[in-house]
Amino acid sequence: MIFWTIVVLLIGVPAVILGVPALRRSLVTPHIFALFKRILPAMSDTERDALEAGTTWWDADLFSGRPDWDKLMKLPKPTLTAEEQSFLDVEVRHLCELVDDWESTQVWQGIPAPAWQYARDKGFLGMIIPREYGGKAFSAYMHSQVVMQLSTRSSALAVQVMVPNSLGPAELLLHYGTEEQKNYYLPRLAAGKEIPCFALTSPYAGSDAAAIPDTGVVCMGTHEGRETLGLRITWNKRYITLGPIATLLGLAFRVVDPDRLLPPGTDTGITCALIPTTHEGVVIGRRHWPLGAVFQNGPTSGKDVFIPMNWIIGGPQQIGKGWRMLMECLAAGRAISLPSTSVGTAKLAVRGTSAYCAIRRQFKTPIGKFEGVQEALARMGGNLYMMDATRKLSALAVDLGEKPAVISAIAKYHVTERGRAVVNDGMDILGGKGICMGPSNFLGRAYQQIPIAITVEGANILTRCLIIFGQGAIRAHPYVLREMHATADKDQRRAELEFDDAFFGHVRFVCANAARGLWYALTGASSAPVPQQADPAMAGYYRAVGRMSTAFALLTDTSMFVLGGELKRRERISARLGDALSMLYLVSATLKRFEDDGRQADDAPYVHWSVQDALHKAQLALAGVLDNFPNRFIAGAVRVLLFPFGMPYAEPNDDLGGDVARAMQTAGPSRERLLADGFLADDLRDPVACGELAFALLPQVDAIEHRLKPAVRAGQLGAMPQTLPLLDQWSAHAVSLGLLTPEERRTLADFARFTDLSVHVDDFSPDLNAAVDAEQRRRMTAPAIVLEV
C-alpha cells in the first residue's frame, strides 16, 4: 500500500497536474515562466532586430528533426526565362570578352573603361530593379547566374556588377523608399547614370556593425537656400565597394536628437540615408588595395555634413529603423552574392586544373592518374558540385519570396570556405605554374584574393560562431522564439498562457526527438522518411539526414537547457552546432540538385562523395559538442542515446575519390554539367582555352598512341616525344612509314601546341616592371588568336 502511495505521489499526481491544462497553468506555469524570465539572457534592440529579420525556410525543417522531403522535392527547378537566357548568352558573354583579368590587375588597375561603360549601358547595374523603373527585373537565380559567369572571367568585374544588385541603395529603395525617392533614383540607377555604394563599416565597428559611432544630429540647417529640419552627420567609413567611383552614397549612421526636435516617441537609432557624392562635405575617391584585387573599394568620410530629412531612405518615419532594414536586405543579398562569386571561381579552377591534369605528363603518365593528385581532384569536384547545388537552392528560396537569414549565412560561410579549399587544391596541383604570376597563370589571382570573400558580408569566423546557430537556434526552432515573445508581453495573464502553450509544446518536442533519436540509432534510421520520388541509390542519404536532424535538434535543446544564457558565450559549442545544421542543408541542396538534373548516373560520384563528406563532417561537429560539453554526465547520456554503436558515417573512400577524379578528366555531358555556364574564351592567348582545346583532342591522341604501341615496341618508332620540334620530326617519320595519316599528324601537332600554351609559365626581363609593361603593350595591341580545331 505504501509503495503504490509513493507511485501515485511521484508519478500520478504530477501526471494529472501536467496533463490538465487548467491545473498546470495555475500551479506550474507561473513558476517556470518566472524562472525563464530570470535566466533569459539580455538582448539589445539590434540583436532583436537581427533575430527577427528575414524568414525561416528549409532550415526550420532541419531544426524540427523531421524534414519534409516531399515538400522540398516538389519545389521547382531553378530556371531562366528566354529573355534571361539570351542576356546570359549574349550580353554577359560579351562583357566577359571585354575584360582580361591580367590586364585589369596589371595595367588598368581596374575594369577597362569600355567594359564598365558596356555594363552600365546594358543594364547590368539594374538587374534587380523592376521594369516600371527601367530595370531588368531579373530573378534571383538569374542574378546568381550572371555573377557566377563573370567570376569565371574576372573577380573584379563580378564584384562591381554584384554590389549594386546586392545590399545597397537600389534594394533599400525598393523595400523602404518613398515614392518620390523611387521615381527619381531607381530609373537613374537602372540606366547606370548613378553609381551606388553603401557605407556601413567603420574602423571601430566592423563585425559589430550595430555599434557604429557615426552620428547624425537632428538640427535646423540651410538647404537650397531655405532653412529646414535635417541632420548634421559626421562619419568615417572604410571598405566601401564602388566608393571611389560612386555618385550616390548610401550611409548608415546613428541619429541623436539632443534638442528634441523630432515628434515625441520617435525611436532614434541606426538610420539610412542617400547622399549625392557631390554634396558639400562628402569626402570620397581614395582607394583601398585588397590583396591585389582591383574592384573599386575605398574609404569615405564627412564632418558636420548637413542633409535634409527627405534624404533619409523612406523619409523621416524611417528614423531608427535602419538596422532592421539592413538585416532584412542582407538576408537575401548574402544568399546570392558571395556564393555565386565563389562558385564561379571554383568552376574556373576545376576547368583549368582538371584539363591540366589530363594533358600534363610526368614519368610518361598523365599527372591526373597519380593517386595523390586524384585525392585533391576529388575534393575539388565534390566540393564544386555541392557548392553549386547550395547556390541554386539558396537563390530559389529568394525567388520564392523568402528572406532566408540563416540559410544565407550558411551559404555565404560554407560556399566561400569550400571555394577556398578548391583553389588551394588547384594550386597544389599546378605547383610552379600556379605561383608564377603572368598572363598564363589562370589561378594565381584567385588564390591571392580568396580571403576577400572570407572577410566580407560578415567575416566567416563571426558568421560561423554567432550567426548561423545564434540566429537559427531561435528563429528556426519551432518553440524558442514563441517562448521569448511570451516573456516580452506586458499582459501577464496572456503572456503566461502563450508561454504555457510554447513551453509544454517544447517539452513534448524534446521527448519526441529523444525517442526518435534512440529508435534511429538502434535501427540505422531504416524508418526515417524518404521522398516518394527519390532515387533508390540515394535513399540512405535522406534517412541519414533525418537521423542527424533528430540528433541535432535534441543536442540543441540539451545545450540550451544546460547552458542557458551561457550558450551565447560558448562560441565553439554553438559553432559546432551550426556546422551540423549547415552540413544538413548542404546535403539537402545536393540531393535536390541530383533530382532536378534528372538523376544523371554519370553525376552520381559527385553526389556520393560530397554527401558522404558532409555527413561525416556533421557527425564530427556533433561529436565535438559532446566531447567539450561542460556537463560530462549529460554528454555521456546523450551520446549513448544517439550513438550507442559509435559514429555511423565514414569519409568517402579512395575508390570513390578515384571515380570523381576520372569523371573530371573525361570529356562529356557530366563534366559540362559540373562546369555549366562558366565563361570559356575562344582566344588562344587564354591558358584555360588552350587547355580545353588540348583536352578535347586527348581521346584522339590516346587512340593514336595506343595504335602505334606495337611499332614502338618493334623499334620502328621511338616513344612519342612531348615537345613540338621533336614531335614534328617523329610524326614526319611515322607518316613516311605509313603509320600516321597527315590528318593524324596535324592532330598531334595541334595537341602539342595547345598543351605547350597551356603549361607555359611566363618569364620577364630583370627589370620586371618595364618588362611587364612591354608585355602588356604587346598583348593589348595584338589581335585575338582564334582557332577552330
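Which residues does lysine 193 touch, not counting residues up to four places away in sequence? Good morning, everyone; let me start there. Lysine 193 touches Arg188 and Thr247, where contact means heavy atoms within 4.5 Å.

A word on the model before I go on. This is a predicted model, where local features need pLDDT of at least 70, side-chain atom pairs count only at pLDDT 80 or more, and totals for chains, interfaces and linings use all residues. Residues are numbered from 1 along each chain as its sequence is written, and side-chain values use heavy atoms, with hydrogens and water left out.

Back to lysine 193. You will find lysine 193 in the loop between α13 and β1 (196–199); helices here are DSSP runs of H or I with at least four residues, strands are runs of E with at least two, and both are numbered from the N terminus. Lysine 193 is exposed, because its relative accessible area is 56%. For that term, buried means under 20% relative accessible area, exposed over 50%, and partly exposed in between, with a 1.4 Å probe and protein chains only. Along the chain, lysine 193 and aspartate 121 are 72 residues apart, and 8.9 Å separates their C-alpha atoms.

Proline 78 sits in the loop between α6 (69–73) and α7 (82–97), and its relative accessibility is 13%, so proline 78 counts as buried. Leaving aside residues up to four places away in sequence, proline 78 touches Tyr141, Lys392, Leu396 and Asp596.

Now to the helix pairs. Two packed helices are described by the angle between their axes and the distance between the axes. The axes are lines fitted to C-alpha atoms, for helices over the stretch in contact, and the angles run from 0 to 180 degrees between N-to-C directions.

Take helix α22 (residues 539–563) and helix α24 (residues 604–627): their axes come within 11 Å and cross at roughly 20 degrees. That is why α22 is roughly parallel to α24; angles under 35 degrees count as roughly parallel, over 145 as roughly antiparallel, 65 to 115 as roughly perpendicular and the rest as oblique. The crossing of α22 and α24 is left-handed, meaning that the near helix is turned anticlockwise from the far one by less than a right angle, while clockwise would be right-handed. On the α22 side the contact includes Tyr541, Met548 and Phe552, and on the α24 side His608, Leu615 and Leu622 are among the residues met. By class, the contact of α22 with α24 has 13 nonpolar, four polar and no charged residues. Here Ala, Val, Leu, Ile, Met, Phe, Trp, Tyr, Cys and Pro count as nonpolar, Asp, Glu, Lys and Arg as charged, and the others, Gly among them, as polar.

What about helix α16 (residues 405–430) and helix α23 (residues 571–596)? This pair packs at an angle of about 85 degrees, with axes 10 Å apart, so α16 is roughly perpendicular to α23. The contact is made by residues including Ile410, Tyr413 and Arg418 of α16 and Asp579, Tyr585 and Leu586 of α23. Its residues divide into eight nonpolar, two polar and two charged.

The largest nonpolar core has 103 residues, and Tyr585 and Leu591 have the most contacts inside it. A nonpolar core is a set of buried Ala, Val, Leu, Ile, Met, Phe, Trp, Tyr and Cys residues joined through side-chain atoms within 4.5 Å. Helix α15 (residues 371–399) supplies the largest share of this core, 13 residues. Leucine 591 touches Trp69, Met73, Met538, Tyr541, Tyr542, Val607 and Val611, not counting residues up to four places away in sequence. A second, separate core has 58 residues, among them Val99, Leu150, Leu242 and Trp311.
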